[in-house]
Amino acid sequence: MCCMRFTLSASYRKDVERHLKTAQRLGHVRQVKYLLAILAVVDGQSFAQVALVLHVHEKTVATWVRLFCCYGLQDTPHRKPTGRPPKLTATQKATLVTWIEEGPVKAGFSGACWRSPMIQQLIYDRFGVLYNVFCIAQLLKNLGFSSQKAAFVSDHLDEQKRQEWRTTTWPQILRRAQERKALLLFGDEASFPQWGTLTYTWARRGPQPQVKTSGKRKGYKVFGLIESFTGRLFYQGQEGRLNSATYIAFLRGVLAQTAHPIILIQDGARYHPSAETIAFFTQHAARLQVCQLPTYSPDYNPIEKLWKKIKQHDTHLHYFPTFEALTDKVEQALLKFANVPEEILTLCSLPTELAQAA
């Protein structure tokens, strides 16, 4: 057991005690332990006894005593030690950030997005430093990254055509609708399956939340149109498949409900540009003008937000024992929105890109 004896004059001991009170008042824990250790050793305690009481290592006590003997109160440890040095330098971390942002393919991996084991391997291959895979998450958070769910982007998406539609075609459509006092309708279709749909939910840890399902592979299909200026909703539901004939029947019903000219904006579903549908458009060209959205651009169609809202609130995590239970639920949700066009305008506001272009 290491032990050391030295004495202090009465005046110097009072200085040490005064520094101790100041450190206690300011909350400098390490400095408090340092001064307590000095006073304890002066009073005859061994290094081991002091280390045990103050919860520090015996070598730390020895270092403090040596510093005090050499420098007195002028070299008290005010700051907390920095701890273990980081495995990667600041320069290496900056380089790692660049590699991650460039994507795994450029770094020689086959995946489209990063996973922790891939980054672990990247750090080891490039820097010779081995991180525990569970520590990778904290490292990435410290570098400004977060864990996110990836989203699919079609390989057929043509950004140049999207930009042309956004900056040129869409302003022309909007101006034409205003000049003709026409209804500007965004159209789309949605399917609501009877077997139900799942999403994230809260539950206690352990057993997985369960939702009953009928298991029946039937779905309620809905044609929908929303009017961009007023929020008016046109819709029609059906049990069967969506095709040219049912789409034309829906549009006939819409034409019968209004005498205004109509500008219809639709996506590229296979029955939209079919020969039968095009013949119908030609037959009603005096009142009905059709414009196509760019390929794979659902984000430019505000009615998509309506479908998402209905599914979130009315069909996700619900049990539909019969097909009629499903259709009643969907029809109630559609009727609710149809009666409150202001909510549709708020919910289905144009995407920022289109609003700015307009």
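What volume does the largest pocket have? I looked it up in this predicted model. The largest pocket has a volume of about 480 Å³.

**Entry 1: the largest pocket**

I listed the lining next. It has 16 residues, and Trp 114, Leu 140, Ser 146, Ser 147 and Gln 148 lie nearest the centre of the pocket. H7 gives the most, with three residues. I then sorted the lining by class. I found nine nonpolar, four polar and three charged residues.

**Entry 2: the second largest pocket**

Here I found about 290 Å³ of space. I noted the lining: Glu 189, Ala 190, Ser 191, Thr 199, Glu 304, Trp 307, Lys 308, Lys 311, Gln 312 and His 316. S1 and H11 are the elements that give two or more residues to it. The largest share, five residues, comes from H11. By class, I wrote down two nonpolar, four polar and four charged residues.

**Entry 3: the cavities**

How many cavities of 30 Å³ or more does a search of the whole structure find? I got two.

I took the largest cavity to begin with. About 40 Å³ of space lies in it. Leu 185, Leu 225, Leu 251, Val 254, Leu 255, Ile 262, Leu 264 and Leu 288 line this cavity. Helix H9 (244-257) and strand S4 (262-266) each give two or more residues to the lining. H9 has the largest share, three residues. I checked the classes: eight residues are nonpolar, none is polar and none is charged.

Then I turned to the second largest cavity. Its volume is about 40 Å³. Ser 191, Phe 192, Pro 193, Thr 197, Lys 311, Thr 315 and His 316 line it. S1 gives the most, with three. I counted two nonpolar, four polar and one charged residue in this lining.

**Entry 4: helices H2 and H4**

At what angle do the axes of H2 and H4 cross? I found roughly 80 degrees for helix H2 (residues 29-42) and helix H4 (residues 58-71), with the axes coming within 10 Å. Angles of 65 to 115 degrees count as roughly perpendicular, so H2 and H4 are roughly perpendicular to each other.

I also looked up which residues meet. From H2 come Arg 30, Lys 33, Tyr 34, Ala 37, Ile 38 and Val 41. From H4 come Thr 60, Val 61, Trp 64, Val 65, Leu 67 and Phe 68. By class, this contact has nine nonpolar, one polar and two charged residues.

Technical notes. Residues are numbered from 1 along each chain as its sequence is written. This is a predicted model: local features need pLDDT of at least 70, side-chain atom pairs count only at pLDDT 80 or more; totals for chains, interfaces and linings use all residues. Side-chain values use heavy atoms; hydrogens and water are left out. On a 1 Å grid over the protein atoms alone, a cavity is a set of points where a 1.4 Å probe fits but cannot get out, and a pocket is an open set with protein on both sides within 12 Å along at least five of seven lines; lining residues have an atom within 4 Å of a point. Grid points are joined across faces, edges and corners, and a volume is the space filled by probe spheres set on the points. Helices (H or I, at least four residues) and strands (E, at least two) are DSSP runs, numbered from the N terminus. Ala, Val, Leu, Ile, Met, Phe, Trp, Tyr, Cys and Pro count as nonpolar, Asp, Glu, Lys and Arg as charged, and the others, Gly among them, as polar. Axes are lines fitted to C-alpha atoms, for helices over the stretch in contact, and angles run from 0 to 180 degrees between N-to-C directions. Angles under 35 degrees count as roughly parallel, over 145 as roughly antiparallel, 65 to 115 as roughly perpendicular and the rest as oblique. Contact means heavy atoms within 4.5 Å.
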